[in-house]
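Here is a short briefing on helix packing and nonpolar cores. Please look over the sequence and the structure first.

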Amino acid sequence: MESAAEPETAPDTERSRLPVEWARDAVIYEVNVRQYTEEGTFAAFSEHLAELRDMGVTTLWFMPVHPISQTKRSGTLGSYYSISDYREVNPEFGTKEDFKALIDQAHDLGFTVMLDWVANHTGWDCAWIKEHPDWYTKDENGNITDPVGMGWPDVADLNYDSMELREEMILCMKYWVEEYDIDGFRCDYANGVPTDFWEAARAEIETVKPVLMLAEDNTDKSLLNYAFDMNYNWELYDALLGIASDSKQANVIKSYIPEDYPDGAYRLNFLDNHDKNAYEHTIMDAIGPDALPAMFSLIYTIPGMPLIYTGDEIGLDHNIAFMERDPVDWESTDTDYRGLLAELAAIRSGNPALHSGNYGGGITYLDLGKKSVFAFSRETEDNTVLCLFNLTKRESVVDVSAMFEGTETVLLHGQGADTLDIEDRPIELNGEVTLQPWEFWIVSRG
């Protein structure tokens, strides 16, 4: 068996560098290949790359592209996350040549590409089960088990006590970087795998090229010391749903923008993803059309990196099936947020204060005396952005004298579902103002 090279030095346990440069203003789009087009293939999806680029997306995160286990399969087509071979692609989507062509085309258009990586478990017909049963967790009777307590009977739990397993898993990850020029990984159930494995994996992968690492986790900050650049902001997602449903007020948001993360690390901010959409809420159920423009604008301007899931750009009000064919009907809604998202991406890119992690500015909260109004500034040496959000279905009267000097420039102004004012003009807010339901302002100074 080929062995992963030992790093010359052990990975630093303290973050001492910025994430990859392209991550500074990245906007991630989660691609559900199976459902994105009628064909559900790599080739069909590639025809939509220019549209996503024009929407301001910079990074494509592909849900797992590997073959799906037949044994103990859930549903007709099975879960993406029940993998039978880490070095192949799902023939449902096309060939490895098709995938390579897609990645090359994406790179040519300026995208970076991240793979969804499932290291905690495999499908039941993965060859490792017969060839290396010692790589798996076993019960008291010696039988390989699914992950205990997770409710995932279609997968077999891997045991990271095995150094051979660790070496092979790292080699599999490295394969996609070396052969397909992958730029990063979104790592499924990252806290289910030992931190020292992820640290060794990153060190080895970065002998090839620097990568961006995203942990599907919000519990173990040690993952962010070296192995990962960012993790999930699940708490913010829940808070924003509460605000949209009028059960929480906007002042809770600052509790979910961390100030104690390892230097350079940050969070992924989102309003939707494949798990939430398939099993809980559509973005329209969760947020609603009146609040959605303000909520999109919020996740593009607070610290962290924004994520858009397949269908969010049209306000898709449909729970996309997870294990069956269920192509998105792109003509099924009267809403289209592509223009808004493109403008937000341009604002984020053009204002260094809004960049991610140490590339951007911190956040200073501005108390305007109303719990339903969330106001803040972000600042770098040459750039200041001020944001004012009325995150409620009611009018709010506030005094903005302490917030605006009158020299600022309006970058974006929105109000509810229908009013969107993309402007570049001097601010006219001063003194006491009445903010309409879900009204927001993004302005720059300097």
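Helix α8 (residues 234-244) is mostly covered, with nine of its eleven residues buried (under 20% relative accessible area, 1.4 Å probe, protein chains only). The model is predicted: local features need pLDDT of at least 70, side-chain atom pairs count only at pLDDT 80 or more, and totals for chains, interfaces and linings use all residues. Residues are numbered from 1 along each chain as its sequence is written, and side-chain values use heavy atoms, leaving out hydrogens and water.

**Helix α8**
- The buried residues are W234, L236, Y237, A239, L240, L241, G242, I243 and A244.
- Their cover includes β8 (230-232), β9 (266-270), α9 (274-279), α10 (283-286) and α11 (292-301).

**Helices α6 and α7**
- Helix α6 (residues 163-180) packs against helix α7 (residues 195-205) at an angle of about 40°, with axes 10 Å apart.
- R166, M169, I170, M173, K174 and V177 of α6 meet D196, F197, W198, A200, A201, E204 and I205 of α7 (contact means heavy atoms within 4.5 Å).
- The residues of this contact divide into nine nonpolar, no polar and four charged (Ala, Val, Leu, Ile, Met, Phe, Trp, Tyr, Cys and Pro count as nonpolar; Asp, Glu, Lys and Arg as charged; the others, Gly among them, as polar).

**Nonpolar cores**
- The largest nonpolar core has 137 residues, of which L60, F62, F99 and W198 touch the most other members (a core is a set of buried Ala, Val, Leu, Ile, Met, Phe, Trp, Tyr and Cys residues joined through side-chain atoms within 4.5 Å).
- Helix α6 gives the most to this core, with nine residues.
- A second, separate core of 16 residues includes L368, V400, V410 and L429.

Conventions:
Buried < 20%, exposed > 50% of the residue type's maximum accessible area, 1.4 Å probe, protein only. Helix = DSSP H or I, 4+ residues; strand = E, 2+ residues; numbered from the N terminus. Axes fitted to C-alpha atoms, helices over the stretch in contact; angles between N-to-C directions.
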